Structure formats: C-alpha cells, structure tokens
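Let's walk through this one together, starting with how the chains touch and then moving to what a database record says about one of them.

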Amino acid sequence: MGRYVARRLLLTIPVLIGASFLIFAMVYALPGDPIRALGGDRPLAPAVVAQLRDEYNLDDPLVVQYAKYVGDLLQGDFGTDFRGREVLDTIEQRLPVTIQLAVVAILFEAVIGIIAGVLAGIRRNGFLDNVVLVSSTIVVSVPILVLAFVAQFVFGLQLGWFPISGIGEGWYSFVLPGLVLAAGSLAYVARLTRTSVAENMRADYVRTAKAKGLPRRTVIVRHTLRNSLIPVVTFIGADIGTLMGGAIVTESVFNLPGIGRAIFDAVRAQEGAVVVGIVTLMVFFFIFFNLVVDVLYAVLDPRIRYD
Amino acid sequence: MTDQQQADLRHDEVEAGTTTGLASPSVDATDARQNSLWSDAWKDLKRNPLFWIGGLLMLVFLAMALLPQVFARGVDPRECSLSNSQQKPSAGHWFGFDQQGCDYLANVVYGARNSLIIGVLAVLVVLLLGVVVGAIAGFYGGLTDSLLSRITDIFYALPLVLGALVVLRTGTLGRGVTAVAIALALFGWMTAMRLVRSQVIAVKSSDYVAAARAMGASNGRILVRHILPNAIAPVLVYTTITIGVLIAAEATLTFLGVGLQRPAISWGLQIEAGQSLLRTAPHLVLFPSIVLTLTVMAFIMMGDALRDALDPRQRA
Amino acid sequence: MTRPDLSQPRAAAPGTGGTVLEVDDLHVEFRTRSGVVNAVNGVSYRLAERETLAILGESGSGKSVSAQAIMGILDTPPAVITGGGIWFEGRDLLQQSEEEQRKVRGPGISMIFQDALSSLNPVYSVGYQIGEMFRAHRGMSKKDAKKRAVELMDRVRIPGAGARVNDYPHQFSGGMRQRVMIAMAIALDPRVLIADEPTTALDVTVQAQVMDLLKDLQRETGMGLILITHDLGVVNEVADNVAVMYAGRIVERGTVDDVFANPAHPYTDGLMSSVPQVEAKGGRLLPIAGQPPNLAAIPSGCPFHPRCSRRRLGAAATPGRECATDLPPLRLVVPGREAACHYSEEVLGV
C-alpha cells in the first residue's frame, strides 16, 4: 500500500504541473496590459513600468516565466498580485470560507443522499423509491445557477428562513449555499445508493446472512449497507475535490468571500498570479482527494490490493 | 514468441488466405447483435415515461429554436417601451416585461436558439475530440495511450466552468456562440475520451475482433466495422446527457459575464439582469430559469431513458 | 440389469431415526410483471434424522425454490408461498412469526449454497462470518465467537485454521471456501442441513472431499441432510433416498438403490439413460429431448408429456389416464416406491 501511494503521488506530479501550466499559459494570453491598467488615467513613468515588468518576469518567454513561478512555488511563494498583496494571504483568508461551505455541502450530500438512497433501495418500486427517483431526476437537471436563485427567493425572500448573502451569521449563513452546492451530488448519491443497495439486497451473501438467522437489522446494516456504501463513500470522497468548481457560482450568487469568488474576481481583474495560484491549489485538492479515495477503496474492500 | 505460437500464427495466415470470403460471418454477428440491441432498446423506450417526457420537451425546444416567432406570438423581442418596465405577467403578456420594457415571453423564447446551438455545437466538438483521442489511445495502447491519458487527466483536473471562464476571458476565441461552444468543449471532452477508450479496449480484445484480425482485416476496417458500432450506444447516452449539461454551463458562463454578450439574447444574460431585481420582479429570474431547467431536463431525461434501454446491466 | 426385489416394504435407510422435517403439499409461485410462475406445485416429503435425501432435477424444476421456502429466505415478493406446511419440531414454520422463523435458521435448519465465493460476504473475514452465528444466536462476545470460529474451521479440516481465521473469502481456494460455508452452517449443530448444489462449482477431486466431510459431520451430529443436486454420481454415492422433481412436482421417490436400478417414471428413466455409467464419479445429466417446461405455462395433463416417449394420447390412453389432459398423482406404485405417471407399472415392467 505504501508503495502504491508513493507511486500514485509521483504520477500526480505531471498532472499538477500540466494543469497549472495550462492555466498559466492561458492567463499569459489574457488581453491588455495589466501594468498600464494599474496607473489608471495617468500613465506610469516608463522606468516604473519597466521595473514592474521585470518584477513579474513579464518580458521572459512563457516557459521561463513558468519555471521561475514553479521555483518560487516550491519554496512556498505563491507570488503577489499587482497591488503587492501576497497571493498566499488571499488564499489563507479565503480558504476557510470555502472549506466551511464544502463541509456543509458534503454533510448534506452524505446524510440526506444516503438516507434517501437507502430508503429507496430497500423497498424497490415502493412509494419512497418513486419519490426519490423522480425528485433526483429533477434535481440533477436543475443548473446550480437556477437552484441558487430559487433557494434565495423561496427560503430567503419569501419564507425568510435563511440569510441569502454574506457570512454574517456564521455556520447558519452556509446552510442555503451549502444545500445549493450539494444538490446535484446529493441527487446522484441518492441514486447511486439506491442502485447499490437494491443490487446488494439480491446478492448471494445477503441470502446467506438471512439463512444464518441473523436479525433483519444485522442483515441490512452489516451485510447490505456496509457493502453498498463502498461506491457511495468513494464518490463522496472524489466529490470533495470537485466541489470547488461549483463554488465559483455558489459563492458568487450568495456573495460568500471564498476561494471560488476570489478566482472569479481574479479572472475578471486579470490577476494572473492569483488565478494560477488558486487553480494550482484546486487541482492539488482534486488530485489529493482522488488519491484518498483510492486508498479508502482498498480499506473498505479487502479484495482490492494495490501492491 | 515461441515456436508453437509462430506455428499457430502461420496456420492462421494460411487459413485467412484461403477463407478471405468468410470475413463476413463475424461482421454479420456484430450486425445481428447490434440489431437486437436496438430493437430491444426501442421496446424498452416505448414503455419509459422519461423517454416520452424528455422527447416531447426536446421537440418543443427544437421548434422554439427554429420558429421562435410562433412561440413569441409574433412579438419582436427587441421592440421595447420603457413605460412597460418590469410589468408583471398578464393575459396579453404571459411572461410580463423586463426592465427595458421588452416583452419577456418573446425574449425567453428567442433565447432557446443560442442555447441549443451552443449545446449541440459544443457536444459535436466534444465528440470529435473524445472519439479521436479516445480511439487512438485505446487502439494503439502503450506509450501513446499513457501520454494521451495523462493529458486527459490534466484537463480532467480543471473544473469545466473554471477552464472555460479563463479561456473566454483571454478573448482569443472571441465572445460569440462559436467561442462559447469551443471553450466548453475544450474542458468537457475528457469523459467522452475515457468512454471511447475503454470501449475500444474492451472490444479490441473480444473474440470476434480477434477473428476479424486473423482473417486479415485492416486496422481501419476493424475500427470502423467492429469497434465503433459497439461504442455508439454508450456514446449516444453520454452525448444526450452532455448536451443538457453544456446548455447549463453556457448559461452559467454567460451569467458570470464571460459568455454571450448583449445584444445576444440568452437565458444566462436574462438571469444575470434579473438577479438584482429578485425582490421586486422575481419573474425576470423565474421564467428564463424555468425554461432553462426544462431544456436541461429534457436532455438528461432522454439520456437516462436511453441508458436504461441500451445498457441492460445498468437497469434496475 | 438386475431387478430389485419390489415385494419388500419401503424401509427407512439403515441407521436413520425419527422424522425431523416434513414438507406438506408446498406451493410457491412467483408473481412477476409478465405473469405468474408456478415454481413449486404441491411438494411433500419427510426427512428423518441421519437420513440423506437427495432432491434431483434440472434447473427450474423447483428444487432450490422449495429449499429456500423451507429456509424462509425466498424474496417475497415476487415469491409467494400459496399453500402447504413446513413442519419442524412439531410446529408449522409457515404459521410462525418472522422472528420465530429466524431463530430456527442456524440452530434448527441451516443451508449451504452452490457458489461459496458469492455466498460469503467479501468484506468480512471468514472468522467474523462464522462467529456471527454465535453472536446472533448465543449472544457471545466477539472474542469468544472468533475462538469458536477457529475450532469450527479445524473441524471442517481447514489447515492452519488459527492463522487463517482473519483471512477474507477471496483468499481461499474454492474447496476451502465451501468448507467455510459448511463450518458456518454446522456451527450451531442444526438438526437439518440443506445443501444446495454444494459441489457443483468445484473440481471433481475436491467434490469428493467436501461430500466426505458432509457425511462425516452427519455421522457425528445425526443431522438430516437434504442434498439438492443434478449430479447423479453424487446422489448415488451419498444419498439414502431420492426425490426426482419436474416442473415443481415430485415425479418419483424411493431409495436411491431402487430408483437408480429401475426407474418408475419415464423422466427418471430418461435421466438415467442419458448417463451411460451412473456409477462413474461426476456423472452428469445430459439433456433429455425437448425443452424444459415453461413454469409460467406448464403443459396440461402430465407436465412431462410433451417430452415423453411413452405418452398415450387420445384413444390410445386408458380412460381417465390421458397424458395430455389428466394430471397423474404421485402414487404408490410398488411398496417403497412412488411415482407420478399413469403408466409407471409399464415403465417398471411389473
């Protein structure tokens, strides 16, 4: 297992470099001259421009720029934005918000998704099963964007249950955006759980468990759910890594000062260093959680051995 | 290679040489399998409400994209009068008016065309990239496969909306319908690639392809005659669902201000314009949202129905 | 072929004792969307202590379904037990609550299945799965249960039991896995063990070892053994009595020696002649001409008549015994032998 993890970690390096270079190259192609834009109406003195261009390596070829960037990154230096603010500071300030949002979303996804899926899967074609099937089909089809506004309008403006903007009310502020961010995955988790439970209910070893005279609870919890949840848990694990993509929209609509909002602002303001820094971080999370999932898979299913 | 294997191979070559005319039986086997797959699928589809609901919605939105004036009841979406600004829905104007006082029904209806064009165009590019890269990786294997798979991993690690956001912001593609479609496809082809790759690998190692190969069929012929027909079913399912996903992503990008721009008519722009008026004129967000959702739903339902019908293993 | 002495009354197999299990006119149907499948249509039999009763039949003959009905592990729905009784220790299991039935599974009746790999839970160690019997039925601690699991693994002759107790099913060979199943099934000394095709998935040599183990365990514990199989060789080797099933009914019953020496039903006859040397180990059934019956539309009259070479139709039949219209009951043909054929006497040649 240790060797497998080490090998996988090595394999992630090209992906990490490739993805950050891809973004770096695209950001490099961003239009306009950000330095000139800094001066606003009054043009900056040529000497100042030259100094700034040098400071941000703007005159080097792309690959050299990128190499220098990675060199700094390896020393924990994410660079600074054009106003001199450390990118790492921005990340440190914004990340906790996104983590809170992600935690709330994952909780919704796991708790509601699994419970709904189990109830549906145990009684196939029952009333609850049909409810879960229909509602998950609908929820999967609703774009996050739409869902965000519906949630804001219904639960925020009409019912007044939840705040719809900002993080002024602590964890409570994250309930609505968390639910919106989680909705699509929640529906998917419910379906995955349902299929998996229904499939396992018919498995030979569940029949054996019944033939052993185990109590119904044990048959369901230990011999059906335990096995059924393997794909579900791994999906949820991998989903943590992808939640940040959805956070861009959610944080924008709900006005949450997190990483997603930061990267959106940075793209609009053409803050290359911020964009590349945050994207690299996102890709790292994505890869990291995928690795965690692989390891988790081996822990949950003894048949899987990576050595 | 052992002597025995070499002998077997020579034997096969001899057989292949004498029985070239018999290459067709294995082809027929593929055709027969395919035929029963599709006729079984049709029987199954006919009974599936998802298919009928999804199909009906798809037809409605297709008609809306082709003949918007009919659905707009002849009203020109750009004929506006500020005196009607933000008026609520009424008998004469079902969707009310937007802030500029334009008939909202006409605007929402005219938004269908861009969404569908972008969805279809983007999926075509996705398929092109996915099928080409996936088929090459799966068919040739080895180093080619490793390299292409790593590149796919790289794109896979970037969220669709984020990648498209950055690309569109650079402006190199422009901001039109084609630009948005290409930006989406550029960060959305990876699943198609993996799908095609795994199909190709699975079919490549199957007996009937081995038989065709033994009878001297060329790589190209095997790819076209045997591997692609088998990959069609899963790719079709994937394509249908992906159109829905891409339409949603387009609206999101446009909403975020990097997709289509005024004066283009787009649901994303309408939602964006309406968001600040959610309190006073919620219908401005509501109507494009509903229509957008129904469009996405149409494709996802149809995709679900197709999957149920075409992949019996996935069926409940 | 020597004809057995048919004048002797049917004797219980030597060494068997009183009845432990009685199945009485059991009916099971599956209600599916495409119609009702009549899987078991009035099956009755008795099992005595120390007796081995083989239930022989093609797949779809209802042999496994009736066993699962006894165990109470049919999936209901779609399966419905529409009639009959299953008497165990003086009580009809079908009249008992789910909880009372559950308590019989394991200590009273237990079962082993054909494919041990899929029948064992892949995510728990074999020790855990064997130990579950003691924990669920005896309230034993996890630690004690594991200790008992090791003892049982020793008893079913799994080498190095102590070291392997924490291994997972996929780490065992096919034969060893089936021993794990057996250890689990005999953990609580059941009075009845139902073995559903216990050796079908195994190599011939391993088959013999597993059957020997089952016979040894039966000798030690005195349990009754129901052996569901389509393997004539296994039946001949280990069973005392045999019941042949066709289309959800028992069509012939008697001692193995009698039935094998001289079948009284054309179907049994077909089975026997499809295997030239029944005595040969691993002798398997070869298909008889014609299609196995469609249980959703069982032929009228004798269900076997479309495939029967001895059928008598129309005027050729004795009145009331027309093969295509009159269902032959299972009846005593000669002492110790029952068969469900209008013309069993002819088949027997008596």
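Start with chains A and B: their contact draws 37 residues from chain B and 40 residues from chain A, where two residues count as in contact if their C-beta atoms, placed from the backbone, lie within 7 Å. On the chain B side, the elements giving two or more residues are α6 (142–156), α7 (160–170), α11 (219–255), α12 (267–275) and α13 (283–310). Of these, α13(B) gives the most, with 9 residues. Helices here are DSSP runs of H or I with at least four residues, strands are runs of E with at least two, and both are numbered from the N terminus. By class, that side of chain B splits into 24 nonpolar, 8 polar and 5 charged residues; Ala, Val, Leu, Ile, Met, Phe, Trp, Tyr, Cys and Pro count as nonpolar, Asp, Glu, Lys and Arg as charged, and the others, Gly among them, as polar.

A word on the model: it is predicted, so local features need pLDDT of at least 70 and side-chain atom pairs count only at pLDDT 80 or more, while totals for chains, interfaces and linings use all residues. Residues are numbered from 1 along each chain as its sequence is written, and chains are lettered from A and ligands numbered from 1 in the order in which they are written.

Chain A also touches chain C, with 23 residues from chain C and 17 residues from chain A. On chain C, α2 (98–104), β6 (109–112), α3 (116–119) and α4 (126–138) each supply at least two residues, and α4(C) has the largest share, 4 residues.

Back on chain B, an unreviewed UniProt entry places "transmembrane region" features at several stretches, including 177–196 and 235–260; such annotations may be inferred rather than shown by experiment, feature names are shortened, and positions follow the numbering used here. Residues 177–196 of chain B are 85% helix and 0% strand, with end C-alpha atoms 27 Å apart.
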